[in-house]
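Notebook open, structure loaded. I want to go through it piece by piece and jot down what I find.

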Amino acid sequence: MKIDVIGDVHGCMDELHSLFQKLGYEYKNNIYLHPAERIPVFAGDLTDRGPESLEVIRLVYRMVIKEKKAKYVPGNHCNKLYRFFLGNKVQLRHGLETTAAEYAALSQKEQKLIRHQFMKLYEEAPLYLEIPEVNAIVAHAGIKEEFIGRTDGKVRTFVFYGDITGEFDSKGMPIRRDWAQHYDGERWIVYGHTPVKAPRIVNNTINIDTGCVFGNALTALRLPEHDTVSVPSSQPFNKEKFRSFP
């Protein structure tokens, strides 16, 4: 098995098309297929902030659910959109407002369809994906070695949000511990969630969220080759959204 793990898309459909093309995929029957049968794996946060969140949902639904040619794990933005579609009271902020605006512009028939597609995609997704063939685990914000095999609330919070402390910095952003520094597992953890300017490798972990929606790049990790492939973003660059590490 050979896979291509794709970092946080956040509604950046043009860049997703470009990335698939750079990875050697061909667009056939409204999905992307690789001539060598590589499998794309979406690492969560398909929507919010970017210009075409609903188009991203449609493509990923076709590839994962309808044609079974890709895999997907949810992120925190996916979880919030799911709760929005359930009718729960969620705040339309931190990017959800852009997806909600796209949704509101649809006809009732189109709303019903996209809501069904996303909810099915989310409900059938694993919390994180263990892929022994390439000795890797894909989890949106990462996962600790001792959490692997569990799906309880503590693990769910970690996979969606990272190693949060419950406190916030001066900008109102959640403070997260750098869990990767303490990871000592043999399996590679492939994750995103925290925007970095370049893929960050620490121990056997790699963060591939290179902040496409914040103007940097959309990145994929090819396994088992351990090669990263990126395409530049067309969004305005926002340097304040990127985390720097000591």
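Helices here are DSSP runs of H or I with at least four residues, strands are runs of E with at least two, and both are numbered from the N terminus.

Ground rules before going on. This is a predicted model, where local features need pLDDT of at least 70, side-chain atom pairs count only at pLDDT 80 or more, and totals for chains, interfaces and linings use all residues. Residues are numbered from 1 along each chain as its sequence is written, and side-chain values use heavy atoms, with hydrogens and water left out.

**Helix α3**

Among the buried ones are Asn-76, His-77, Cys-78 and Phe-85. The cover includes α2, β5, α4 (96-104), α5 (108-123) and α6 (153-161).

**Asp-45**

Next I looked up Asp-45, which sits in the loop between β4 (39-42) and α2 (53-66). What does its side chain pair with in a polar contact? I found His-140, at 3.1 Å. (A polar contact is a pair of N or O atoms within 3.5 Å; within protein, one must be able to donate a hydrogen and the other to accept it, and residues adjacent in sequence count only if both atoms are side-chain atoms.)

Asp-45 is buried but has no salt bridge, and the nearest side chain of opposite charge is Arg-49, 6.2 Å away. A salt bridge needs a side-chain nitrogen of Lys or Arg within 4 Å of a carboxyl oxygen of Asp or Glu. For charge, Lys and Arg count as positive and Asp and Glu as negative, while His and the chain ends are not counted. Setting aside residues up to four places away in sequence, Asp-45 touches (heavy atoms within 4.5 Å) a set including Asp-8, His-10, His-77, His-140 and His-193.

**Positive phi and a cis bond**

Most residues other than glycine have a negative phi, and most peptide bonds are trans. I noted His-10 with a positive phi of about 50°; it lies in the loop between β1 and α1 and is buried, at 6% relative accessible area. Lys-68 also has a positive phi, near 55°. Lys-68 lies in the loop between α2 and β5 and is exposed, at 63%. The peptide bond joining Leu-223 and Pro-224 is cis, with omega about 15°, and Pro-224 lies in the loop between β13 and β14.

**The open sheet**

I traced 5 strands in an open, mixed sheet, in the order β5-β4-β1-β13-β14. β5 (71-72) and β14 (227-232) stand at the edges with a single partner strand each, so one side of each has no neighbour in the sheet. Pairing takes at least two DSSP bridges between two strands; β13 (residues 217-223) and β14 have 6, antiparallel. Leu-218 has Val-231 in β14 as its bridge partner.

**Strand β10**

Last, β10 (residues 188-191): Trp-188 and Val-190 on one side and Ile-189 and Tyr-191 on the other are all buried. β10 pairs in parallel with β7 (residues 136-138) over 3 bridges, and Ala-136 stands opposite Trp-188. Another 3 bridges join β10 to β12 (residues 205-207), also parallel, with Ile-189 opposite Thr-205. Trp-188 has a relative accessible area of 17%.

Key. Buried < 20%, exposed > 50% of the residue type's maximum accessible area, 1.4 Å probe, protein only.
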